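Subject: Structure handover and notes

Hi there,

I am passing this structure on to you, with some notes on what turned up in it. Have a look at it first, and then read on.

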Amino acid sequence: MSHKVIVPIGPYHPLQEEPEFFQLYVEGERVVDIDIIIGYNHRGIEKLAEDKHFDQVPYLVERICGICSSSHPYAYCLAVEDLLGGEANVVPERALYIRTLIDELQRIHSHLLWLGLAGHFIGYNTVWMWAWKYREPVLDCFEMITGNRNNYAMFKVGGVRRDIKDDDIPVLKKAMDDLVPALDLFRGAVMDDPVIQARLKGAGILTKAQAIDWCVVGPTARASGVNIDVRRDEPYGAIDRLNWNVIVEREGDVFAKTIVRILEMYESVNIIRQCLKGLPPGEIDADVREIPAGEGIGRVEAPRGECFHYVRSDGTNRPVRLKVRAPSYMNVASDKVGAVGGTISDATLTLAAVDPCYCCTERVTVLNKTDNKKIMNGWDLIRLSQEKTRKLEESLKNGRL
Amino acid sequence: MMIIKDAIRERLGNKIIAWEEKSSRRVYFTVAKEDILEAARLLFKELGLRFAIASGADTTEALEILYHFSYDKNGEFYSVRVLLRDKAHPEIDSLARLFPGAEWIEREIWEMLGIKFKGHPNLKRLLLAEDWPEGNYPLRRESS
């Protein structure tokens, strides 16, 4: 039993802004410690921003992440607008609605992406295929509105760069209508399936006290009973004019995180429908020219949680300091408590449950601690995770669950 | 509802060197570096604010850290400013002793600006490569 093994997971994953390297210390089946190493893809964006003028920075920060690629430019614009006196005082009404619509469309596509990969990890490849199939029409909506499937280049200080055409509104409405049955399908598949429940419940628990101490944000916090959501706590865009709910669960396990994300997609559909219905006429850009000296803070509820930008201006046309904090920065650190104490077959799932990218785990290797000999690769670990699901299915068939 | 602004001003008293309300939801206040643990304990442990992040900056006369705390019940945002004037040997108490959520950002500020965090449990590089030269802090002014 005391045969101690190191399991390194990582280091590269290209989808998210923070490639990670997880070194799991394992005794038998149990994870006893974890070392998280990041920085493999540090691009010095905060430093680069000091050499860009204010209008160039949105394009730069948009490239921090390809999945929540509108959250960073949005948070940056909010920070600059905070310096100018607040988004609501600067940005035209129509642009506020378009901003919120983009923000929520992005949440749907990001959560569907996560759901698909989580399904794949536990051996439910049908869920994977379905989730990604239904994600495609969402990306088509993005392409129609912004011209791009990702990295939308929609945000600028003082407004948005493209308008939503009247002809597009029925298409968007229909896309939302078509999405709801798909969400029903996922909700049913997850909530009613005894194997998924047995597999996800109790895995990778983050208690409420731990969530507070590790300062986690977004669905990771809300699944642990921490009732925070920037959209409600410090409303931005048109969100405070609309009716929607913050989804909070108490258990803090992978199941709770899954439920939070699935139910949030319904709220996003709801918000988008209200945006389309209430989209006011008018300008989409305030044409801001001068950024005075000062400092501002912008925060956006990205799909993974609060995305934070701090901007300082000395009155020139470039920021003297830009601080970016992506939500995963806080969430990934909490894996230190989430994964320790669990089994190795739950580790991939637990590390994935905070919604970092998954490519890292495909590079998982298991090393024997004494001679560093490789005993497992990434696919073996995923297979291990999928096998556990198969075993649960078998025991269910035999009535032993 | 508890009025956080009043609670902070009352409890920290004359330890607040400067107080600025830039808008109804944005409060910036400055404390001496010796008082940062007390301020953070009050905000995080007693008043229940969430630690959002800290941001370091090199203003030419000093190194500056802003500790950002969010009061999520009403969206107020408190940024505690600390100025470290001794740029040759900047150091300050670590908040990671109070809550682990501060561990990573203190490592980052340490490697980017060269500010030492006293009492940090694991002050090693977070983002910079292993072969990045010692003593070269990329977010310092002299390094641009």
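Among contacts in chain A between residues at least 6 apart in sequence, what percentage join residues at least 24 apart? The figure is 69%. Please keep in mind as you read that this is a predicted model.

**Chain A overall**

Chain A has 401 residues, and 55% of them count as buried. Its secondary structure amounts to 16 helices and 10 strands. The chain is divided into two parts: domain 1 takes in 4-41 + 339-397, while domain 2 covers 45-329.

Where those domains of chain A meet, 25 residues of domain 1 are in contact with 23 residues of domain 2. On the domain 1 side, α15 (344-353) and α16 (378-397) of chain A supply at least two residues each.

**The A-B contact**

Next comes the contact between the chains. Here 25 residues of chain A are in contact with 23 residues of chain B. On the chain A side, β7 (305-313), β8 (319-325) and α13 (327-333) each give at least two residues. With 4 residues, β7(A) provides the largest share of that side. The residues of chain A that form this side comprise 10 nonpolar, 4 polar and 11 charged.

**A sheet and the helix across it**

Two of those strands also belong to a sheet. In chain A, 3 strands in the order β6-β7-β8 make an open sheet with antiparallel pairing. Its edge strands are β6 (294-302) and β8 of chain A, each of which pairs on one side only. On average, and ignoring direction, neighbouring strands of the sheet are turned by 15° against each other.

Between β6(A) and β7(A), which run antiparallel, there are 9 bridges. As a place to look, Val300(A) has Cys307(A) in β7(A) as its bridge partner. Helix α3 (residues 71-84) of chain A lies across β6, β7 and β8 of chain A, and runs at about 145° to β6(A).

**Helix α7 of chain A**

Helix α7 (residues 168-192) of chain A is 25 residues in length. From first C-alpha to last, α7(A) reaches 36 Å, close to the 36 Å expected at 1.5 Å a residue. The buried residues in α7(A) include Met176(A), Leu179(A), Leu183(A), Phe186(A) and Val190(A). Among the elements that cover the buried residues of α7(A) are α5 (93-121), α6 (125-146), α8 (194-200) and α12 (254-278) of chain A.

Is His53(A) buried or exposed? His53(A) counts as exposed because it has 12 C-beta neighbours inside 10 Å. This histidine sits in the loop between α1 (45-49) and α2 (57-62) of chain A. Leaving aside residues up to four places away in sequence, His53(A) touches Asn317(A) and Arg318(A). His53(A) and Thr316(A) are 263 residues apart in sequence, yet their C-alpha atoms are 8.7 Å apart in space.

Ala153(A) has a phi near 55°, a positive value in a residue other than glycine. You will find Ala153(A) in the loop between α6 and β4 (155-156) of chain A. With 17 other C-beta atoms within 10 Å, Ala153(A) is partly exposed.

Asp287(A), also not a glycine, has a positive phi near 55°. The loop between α12 and β6 of chain A is where Asp287(A) lies. Asp287(A) has 10 C-beta neighbours inside 10 Å, so it counts as exposed.

**A hairpin in chain B**

Finally, on to chain B. Why is strand β3 (residues 50-59) of chain B described as largely enclosed by the rest of the structure? The reason is that 9 of the 10 residues of β3(B) are buried. This strand is joined by 9 bridges to β4 (residues 62-71) of chain B, and the two run antiparallel. Together β3(B) and β4(B) form a hairpin, with 2 residues between them. Within the pairing, Ala54(B) stands opposite Tyr67(B) in β4(B).

Happy browsing, and do write back with any questions.

Best wishes

Conventions:
Residues numbered from 1 in each chain as written. Chains lettered and ligands numbered in written order. Predicted model: local features only at pLDDT ≥ 70, side-chain atom pairs only at ≥ 80, totals over all residues. Domains from an automatic or database assignment. Contact = placed C-beta atoms within 7 Å. Nonpolar A, V, L, I, M, F, W, Y, C, P; charged D, E, K, R; others polar. Pairing = 2+ DSSP bridges. Axes fitted to C-alpha atoms, helices over the stretch in contact; angles between N-to-C directions. Expected span 1.5 Å × (residues − 1). Buried ≥ 20, exposed ≤ 12 C-beta atoms within 10 Å, placed from the backbone.
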